[in-house]
Amino acid sequence: TTRVHALNNVNKVLQVLHQNNVDLVNIGGTDIVDGNHKLTLGLLWSLILHWQVKDVMKDIMSELQQTNSEKILLSWVRQSTKSYNEVNVLNFTTSWTNGLAFNALIHKHRPELFSWDKVTKMAPHERLEHAFNIAKNYLGIEKLLDPEDVAVQLPDKKSIIMYLTSLFEVLPQQVTLEDIREVETLPRKYKKECEEDIQYATSEGNCAVLKAEES
């Protein structure tokens, strides 16, 4: 039957993915054939993470002997934006909602493109639009995100990681083991709460609990 053929085809694909060490946690052929949207999207993210995100970072991951691409990406972002007092990136969700972090990341490496003072006076939606336009016009980064996707209480983590990976690919990639150790010292308990429970998210896109912990 058509279903049997579909299952055979999907299972062959999953077998190849498994052989290539793609993370296939809780995903089976029947889930895909039966149209399980959540697990299908999860599979697509695993493919993106394995062949795009990690491929972009493979050299620096090898150099630093690190296997966690998210940790490297967060280290790079924090290192790039640490001189901007208004920016404190703690995660891939709430830290990006006000638009300052995207602009700081671009401005750090390409300060000639715009005035930072001008950006700080913008509204969050304007800042996001500004950063995405600058990235498209001057860095060749497609607008994978819209301000409406990010200016919410809890943006989609995977979407932001995808966009940041595109920036990572075209901007200087300065990450040291010291930067990674700094990320490892962040209080994970509060960072996790900050991402998972919107009551911890402030209007400025940072985590009030974590801010208090750091002060």
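Tutor: Let us begin with contact, which means that heavy atoms lie within 4.5 Å. In this predicted model, 60% of the contacts between residues at least 6 apart in sequence join residues at least 24 apart.

Student: What makes up the secondary structure of the protein?

Tutor: The protein has 12 helices and 0 strands, and along the sequence the pattern accordingly reads α-α-α-α-α-α-α-α-α-α-α-α.

Student: Why is helix 7 called oblique to helix 9?

Tutor: Helix 7 (residues 124-139) and helix 9 (residues 157-170) pack at an angle of about 40°, with their axes 12 Å apart. Angles under 35 degrees count as roughly parallel, and the roughly perpendicular range is 65 to 115, so an angle of about 40° makes helix 7 oblique to helix 9. The contact is made by Ala 131, Phe 132, Ala 135 and Leu 139 of helix 7 together with Tyr 163, Leu 167 and Val 170 of helix 9, and the crossing of the two helices is left-handed.

Student: What makes helix 4 roughly perpendicular to helix 5?

Tutor: The axes of helix 4 and helix 5 come within 9 Å and cross at roughly 70°. Since the range for roughly perpendicular is 65 to 115, that angle makes helix 4 roughly perpendicular to helix 5. Trp 76, Val 77, Ser 80 and Thr 81 in helix 4 meet Ala 101, Ala 104, Leu 105, Lys 108 and His 109 in helix 5.

Student: How do you know whether Ser 95 is buried or exposed?

Tutor: Ser 95 has a relative accessible area of 4%, and buried means under 20%, so Ser 95 is buried. Its place is in the loop between helix 4 (69-81) and helix 5, where the side chain of Ser 95 reaches the backbone nitrogen of Leu 90 at 2.9 Å. Across the protein, buried residues make up 45% of the 215 residues.

Student: Where does pLDDT stay under 50?

Tutor: pLDDT stays under 50 over residues 193-215, for which the model has 43 contacts beyond four places in sequence. Where pLDDT is low, the predicted coordinates should not be read in detail. Among the elements, helix 12 (residues 208-214) has the lowest mean pLDDT, 34, whereas helix 5 (residues 100-109) has the highest, 97. The protein averages a pLDDT of 81, and 84% of the residues score at least 70.

Technical notes. Residues numbered from 1 in each chain as written. Predicted model: local features only at pLDDT ≥ 70, side-chain atom pairs only at ≥ 80, totals over all residues. Heavy atoms only, no water. pLDDT = per-residue confidence, 0-100. Helix = DSSP H or I, 4+ residues; strand = E, 2+ residues; numbered from the N terminus. Buried < 20%, exposed > 50% of the residue type's maximum accessible area, 1.4 Å probe, protein only. Polar contact = N/O pair within 3.5 Å; in protein donor to acceptor, adjacent residues only side chain to side chain. Axes fitted to C-alpha atoms, helices over the stretch in contact; angles between N-to-C directions. Parallel < 35°, antiparallel > 145°, perpendicular 65-115°, else oblique. Left-handed = near helix turned anticlockwise from the far one by under 90°.
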